[in-house]
Amino acid sequence: MNPPRHGEGDHLKGGGGGPPSQAAADDRLPTSIASPTPPLSPREDIIRKIIHVDMDAFFASVEQRDNPDLRGKPVAVGGSSKRGVVAAASYEARAFGVKSAMPSATATRLCPDLIFVKSRFEAYRMVSRQIREIFARYTDLIQPLSLDEAYLDVTEDKQGIGSAVKIAKAIRAAIREETGLTASAGVSYNKFIAKLASDQNKPDGLCVILPEQGPEFVASLPVRRFHGVGPRTAEKMARLGVHTGADLAAKDLTWLSHHFGSWGEYLFKAARGIDDRPVNANSIRKSIGGETTYFDDKRSEGELRDAIEEIIDLVWERIERYKARGKTVVMKARYSDFRTVTRSRTVGQYVRNRAEFAQIGHSLLDQILPAEMGIRLLGLTLSNLVSEGALRSDTDMQPRFAFDAIEN
Ligand SMILES: [Mg+2]
């Protein structure tokens, strides 16, 4: 069962046909180095080979693997309480519209038989270590995005396998054999397109986008599938008449910068299938946070307290997931006139638990109460991080939008 998805672009599956869940044995990527496509990477003579690997419904799949009673059933990882949030949903649950970051109450309404399972981050971290060890057999250039997702630069063919597509197949096979779980992979010439491609044939899919196919592939996709474009940004784009990559490509840089600020240049290139960002094997995460933009501005103390509580839940869940330890908490608030203010507090010891994090969050909110006008965005970030194990950045896309941080 595939998650609900806009149908556009499906004709490009597998880089040229073939059954939907497999690239059509398309090993052409390495030989396309002589392609007439203009140079896309900073080194003009090299077309890179990038693989994006993403485990399928990761937390939920681990739970179904470890508990046969859950297999074939709609499962949500997360708390079922009134204030709980779905951290991950099995494909059976997604068929009902249940998604990550959805309030559990909404999820239960959509799928009354939904089974809630408590998260077991130790189990997820163990699988995460296993898959990173598999990646390392094939390349030294690995950029994890989260526990279950990574970019690999396989331009330099560590094992002499001969093709990025063959490497992707070998990695998927090893993951299946060694973890009992499935992963999807996208193979392409940059990170932006590789990530879109891994999502194309999920679950258990492989998709190859050759350099000459990149611009057309991007043009066909709804912008909401672009990494970094969350629901709110997608809504903003829709209001501006931008629904697909093609709509975005029709806008010039001035227009994009006017509406999306510093992100404009990235969007300008992405809409043309261009992304020069390197696979950054050493991007250590320096902060962890989340923010929410509201449809209706919030101004009363009660509304703002409720709002900050939701953000505390969201961000603390992520802090626990990454076992992050930090001493500085930053609150960001954006007023209805788009002025943005930040307030921060640094404590002597690492923030130890949710109660302490919440107390700091509320004390930062106190500093802007009573609110001088309506507030349209609130966010909290824990920074000054010291990690247990490698904490990697997944924030190489510039803006963070509400709930975009939770990807599964
Ligand atoms: Mg995933």
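In this predicted model, the buried residues of helix 13 are Ile360, Gly361, Leu364 and Leu365. Viewed down the axis of helix 13, these buried residues fall within an arc of 140°, so they line one face of the helix. Ala355 and Asp366, on the other side of helix 13, are exposed. Helix 13 comprises the 13 residues 354–366, which at 1.5 Å a residue should span 18 Å; the end C-alpha atoms are 18 Å apart, in agreement with that expectation.

Helix 1 (residues 58–66) and helix 4 (residues 121–138) pack at an angle of about 100°, and their axes are 10 Å apart. Because angles of 65 to 115 degrees count as roughly perpendicular, helix 1 and helix 4 are assigned to that class. The residues that make the contact are tabulated below.

| Helix | Residues in the contact |
|---|---|
| Helix 1 | Phe58, Phe59, Val62 and Asp66 |
| Helix 4 | Ala123, Tyr124 and Val127 |

By class, the contact of helix 1 with helix 4 has 6 nonpolar residues, no polar residues and 1 charged residue.

Asn201 lies in a loop, between helix 6 (191–200) and strand 8 (206–208). Asn201 has 23 other C-beta atoms within 10 Å and is therefore buried, the cut-off for this being 20 or more. Gly186 is 15 residues from Asn201 along the chain, and the C-alpha atoms of the two residues are separated by 8.9 Å.

Conventions. Residues are numbered from 1 along each chain as its sequence is written. This is a predicted model: local features need pLDDT of at least 70, side-chain atom pairs count only at pLDDT 80 or more; totals for chains, interfaces and linings use all residues. Helices (H or I, at least four residues) and strands (E, at least two) are DSSP runs, numbered from the N terminus. The expected span of a helix is 1.5 Å times one less than its number of residues. A residue is buried if 20 or more other C-beta atoms lie within 10 Å of its own, exposed if 12 or fewer, and partly exposed in between; C-beta atoms are placed from the backbone. The arc is that of the directions from the helix axis to the C-beta atoms. Axes are lines fitted to C-alpha atoms, for helices over the stretch in contact, and angles run from 0 to 180 degrees between N-to-C directions. Angles under 35 degrees count as roughly parallel, over 145 as roughly antiparallel, 65 to 115 as roughly perpendicular and the rest as oblique. Two residues are in contact if their C-beta atoms, placed from the backbone, lie within 7 Å. Ala, Val, Leu, Ile, Met, Phe, Trp, Tyr, Cys and Pro count as nonpolar, Asp, Glu, Lys and Arg as charged, and the others, Gly among them, as polar.
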